[in-house]
Amino acid sequence: MKPLEGTVAVVAGATRGAGRGIARMLGEAGAAVYGTGRSSRTKPNTSEHHYAGRPETIEETAELVDAAGGVGIPVRVDHTVEAEVVELFKRVKRERKRLDVLVNVLTGPPVTSWGPLWKQSFEKGRAQFNEWVWTHAMTCRYAVPLMVACKGRLIVEIVEQETIGYHGQFFFDLFETSLKRIAYALAEELASHGVAALAITPGFMRTESILERFGVTEANWREAAERNAEAKRFGFINSETPCFVGRAVAALAADPEVARWSGGVYSSWGLSETYGFTDLDGRRPNIWPDVAETTTKPSQSPRAAVQWRLARATDES
């Protein structure tokens, strides 16, 4: 029996990238996975999202879940539209009667300007915050009642960086820290209901768009890592497939003591050391030591007098 057989999961934002990898690996572990997104074979994504128009679809993701050994259910959902989010969880309840795992991989406009706040477009910053944060909050709002009712297990926010230090740009810091705070706030509110909530960061993923950018495929990606100057500068040799973070989520979902991680922020590579899983090629890639050695500049070092850090709760009794 597979570890997640009988488990029902929703991966919000499963069309491509980390969302697709997570959906696949939950399927590999035996779960039934509702993969949502706006890019469908029946109705394309016509939003202003920077990935709108790419060829990946939620139906293709569902087929990959099936091929991995799970049950893939594609559902076209625009998570900026409340009625569509409400209907998603009504459907899950109607068809499966339960929800064990929710993973939020929803994205908004990318950061393109790295200057200080007073040189940023407030309009663009507000759009980033709204699309990155409110879609996650609204999805959780309508998923949680079903999870509480059926004794669900785990909520995961996919984020950047495993710390809560400054993210390098005001609005980027604002929405990424908010996503981590969503996980922490839900961990507090759901502790008495047995539902864990946490955040996970992947490393440098070989997503569809990244492979395309470097002119390679998953079969020959090392050519870019060895020859492409940009890829070498970013430490592409230590990149990971989106399935690596997917196996992290699957390992947590199968852990009967997952509550010990609730409220925290973790990394795909760190969890691989804890649970013993590997990427599809058998590696356990960790890009950050290489990035720190080759790209960190003195100006990027912490400058505030007080730094925010994560700490594990201790028993003070």
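Biologist: With which residue does Arg20 form a salt bridge?

Modeller: Arg20 forms a salt bridge with Glu208, and the closest N and O atoms are 3.9 Å apart. A salt bridge here is a side-chain nitrogen of Lys or Arg within 4 Å of a carboxyl oxygen of Asp or Glu. Please note that this is a predicted model, in which local features need pLDDT of at least 70, side-chain atom pairs count only at pLDDT 80 or more, and totals for chains, interfaces and linings use all residues. Residues are numbered from 1 along each chain as its sequence is written, and side-chain values use heavy atoms, with hydrogens and water left out.

Biologist: Where do Arg20 and Glu208 lie?

Modeller: Arg20 lies in helix H1 (residues 17-28) and Glu208 in helix H6 (residues 208-213), so the pair ties together parts that are 188 residues apart in sequence. Helices (H or I, at least four residues) and strands (E, at least two) are DSSP runs, numbered from the N terminus.

Biologist: Is Arg20 buried or exposed?

Modeller: Arg20 counts as buried, at 7% relative accessibility, whereas Glu208 is partly exposed at 23%. Buried means under 20% relative accessible area, exposed over 50%, and partly exposed in between (1.4 Å probe, protein chains only).

Biologist: How many salt bridges does the structure hold?

Modeller: The structure holds 15 salt bridges. Among them is the one between Arg213 and Glu230, at 2.1 Å from N to O. That pair links distant parts of the chain, with Arg213 in helix H6 and Glu230 in helix H8 (residues 229-233), 17 residues apart. Arg213 is exposed, with a relative accessible area of 51%, and Glu230 is partly exposed at 23%.

Biologist: Let us turn to the strands. How many residues of E5 are buried?

Modeller: In E5, 5 of the 5 residues are buried, so the strand is largely enclosed by the rest of the structure. Leu154, Val156 and Ile158 are buried on one side, and Ile155 and Glu157 are buried on the other. In a regular strand the side chains alternate between the two faces of the sheet.

Biologist: Which way do E4 and E5 run, and how many bridges join them?

Modeller: E4 and E5 run parallel and are joined by 4 bridges; two strands pair if DSSP finds at least two bridges between them. The chain crosses from E4 through helix H4 (residues 122-149) to E5 in a right-handed β-α-β crossover. Right-handed means that, with the strands pointing away from the viewer, the path from the first strand over the helix to the second runs clockwise. E5 also pairs in the parallel sense with strand E6 (residues 196-201), over 5 bridges, and Ile155 stands opposite Ala197 in E6. E5, H5 and E6 make a right-handed β-α-β unit.

Biologist: What is the phi of Gln161, and where does Gln161 lie?

Modeller: Gln161 has a positive phi of about 70 degrees, although it is not a glycine. Most residues other than glycine have a negative phi. Gln161 lies in the loop between strand E5 (154-158) and helix H5 (170-190).

Biologist: And the chain as a whole: how many helices and strands does it have?

Modeller: The protein chain has 11 helices and 7 strands. Of its 317 residues, 51% count as buried. The C-alpha trace spans about 55 × 55 × 40 Å along its principal axes.
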